[in-house]
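Please look over the structure below with its fold, its core, its charged pairs and its surface in mind. The briefing that follows takes these topics in turn.

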Amino acid sequence: KFAFRNQKLAETFTKDSANAFNDFYLGKIYFETKDFRNAALYLEKAEAGFVKQGKEQELPELYKILSLVYIETGNRDKIASVLEKFMTVVNNVKNTEILKSSQEIAQKFDSENKDLVIKQLENENELKTLNGKQQRIMIYILIFAFLATILAVYLTYRNYTNRFKTNQIIS
């Protein structure tokens with residue numbers, strides 16, 4: 001009676017999702033107390049609420065209890081349909097979990113792949129920086145060598161002209 005009063009209060013004050021859970025728990029209580037007629041009534045209401053809300057993860061347990069209720073009441077027509085629904089829901093839940101798991105793995109792979117690409121680009125950037133420094137050093141060396149060559153040519157030419165003038169003066 002206490003559970004029934006709580007159900008009536010819940011129906012007046014709560015949303016459909018709470019009503020579906022309340023119906024489910026009331027159905028379980030009636031099943032445990034061997035009041036199979038009320039258990040079937042509340043479990044069927046809970047099933048409709050869970051299906052309406054798309055709460056498939058709650059349905060396997062509900063279908064187990066509902067099938068036991070139908071076995072106890074001798075309602076053979078509904079047993080087969082409930083067991084079929086149970087198998088369908090279990091497969092859907094497993095497929096959903098597999099899909100979520102594969103999506104998580106793909107996201108992890110993508111993030112790891114992005115990290116590897118970032119590291120590779122950083123390494124390439126460092127190499128370019130080092131190559132840029134080496135190229136600047138080579139340019140400085142070449143400029144110095146060119147200036148040294150020009151200085152050597154100038155000094156050689158000046159020395160030659162001085163000797164030539166000196167030889168002309170002596171002769």
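The protein exposes about 13,500 Å², of which carbon and sulfur atoms supply 60%; accessible areas come from the Shrake-Rupley method with a 1.4 Å probe, and for residues only the protein chains shown count as cover. This is a predicted model, in which local features need pLDDT of at least 70 and side-chain atom pairs count only at pLDDT 80 or more, while totals for chains, interfaces and linings use all residues. Residues are numbered from 1 along each chain as its sequence is written, and side-chain values use heavy atoms, with hydrogens and water left out.

**Overall fold**

- The protein has five helices and zero strands, where helices (H or I, at least four residues) and strands (E, at least two) are DSSP runs numbered from the N terminus.
- Read along the sequence, the pattern is α-α-α-α-α.
- Of the 171 residues of the protein, 21% count as buried, where buried means under 20% relative accessible area, exposed means over 50%, and partly exposed lies in between (1.4 Å probe, protein chains only).
- Among the contacts in the protein with a separation of 6 or more, 48% are accounted for by residues 24 or more positions apart, a contact being heavy atoms within 4.5 Å.

**The nonpolar core**

- The largest nonpolar core has 24 residues, and those with the most contacts inside it are Phe-24, Leu-43, Phe-50, Leu-62, Tyr-63 and Val-69; such a core is a set of buried Ala, Val, Leu, Ile, Met, Phe, Trp, Tyr and Cys residues joined through side-chain atoms within 4.5 Å.
- The elements that give two or more residues to this core are helix 2, helix 3 (36-53), helix 4 (59-73) and helix 5.
- Phe-24 has its place in helix 2 (residues 16-32) and counts as buried because its relative accessible area is 2%.
- Not counting residues up to four places away in sequence, Phe-24 touches Leu-43, Ala-46, Phe-50, Glu-61, Leu-62 and Ile-65.
- The C-alpha atoms of Phe-24 and Ala-39, which are 15 residues apart along the chain, are separated by 8.8 Å.
- Leu-43, with residues up to four places away again not counted, touches Asp-23, Phe-24, Gly-27, Lys-28, Leu-62, Ile-65, Leu-66 and Val-69.

**Salt bridges and a polar contact**

- The structure holds three salt bridges, each defined as a side-chain nitrogen of Lys or Arg within 4 Å of a carboxyl oxygen of Asp or Glu.
- Lys-28 forms a salt bridge with Glu-61, the closest N and O atoms being 3.1 Å apart; this pair links distant parts of the chain, with Lys-28 in helix 2 and Glu-61 in helix 4, 33 residues apart.
- Glu-61 counts as partly exposed, at 38% relative accessibility.
- The side chains of Lys-78 and Glu-44 meet in a salt bridge (3.5 Å, N to O), and this pair also links distant parts of the chain, Lys-78 being in helix 5 and Glu-44 in helix 3, 34 residues apart.
- Lys-78 is partly exposed, with a relative accessible area of 35%, and Glu-44 counts as partly exposed at 28% relative accessibility.
- A salt bridge (3.0 Å, N to O) joins the side chains of Lys-85 and Glu-47; Lys-85 lies in helix 5 and Glu-47 in helix 3, so the pair ties together parts that are 38 residues apart in sequence.
- Lys-85 is partly exposed, with a relative accessible area of 35%, whereas Glu-47 is buried at 12%.
- The side chain of Glu-47 also makes a polar contact with the side chain of Tyr-63 (2.8 Å); a polar contact is a pair of N or O atoms within 3.5 Å, where within protein one must be able to donate a hydrogen and the other to accept it, and residues adjacent in sequence count only if both atoms are side-chain atoms.
- Leaving aside neighbours within four places in sequence, Glu-47 is in contact with Leu-59, Leu-62, Tyr-63, Leu-66 and Lys-85.

**Surface and loop**

- Ile-139, Tyr-140, Ile-143, Phe-146, Leu-147 and Ile-150 make a nonpolar surface patch of about 640 Å²; patches are made of residues with over 30% relative accessible area and no salt bridge, like charges being joined within 9 Å and nonpolar side chains (Val, Leu, Ile, Met, Phe, Trp, Tyr) within 5 Å.
- Ile-143 is found in helix 5 (residues 76-170) and is partly exposed, with a relative accessible area of 45%.
- Lys-34 lies in the loop between helix 2 and helix 3 and is exposed, with a relative accessible area of 62%.
- Although Lys-34 is not a glycine, it has a positive phi of about 65°.
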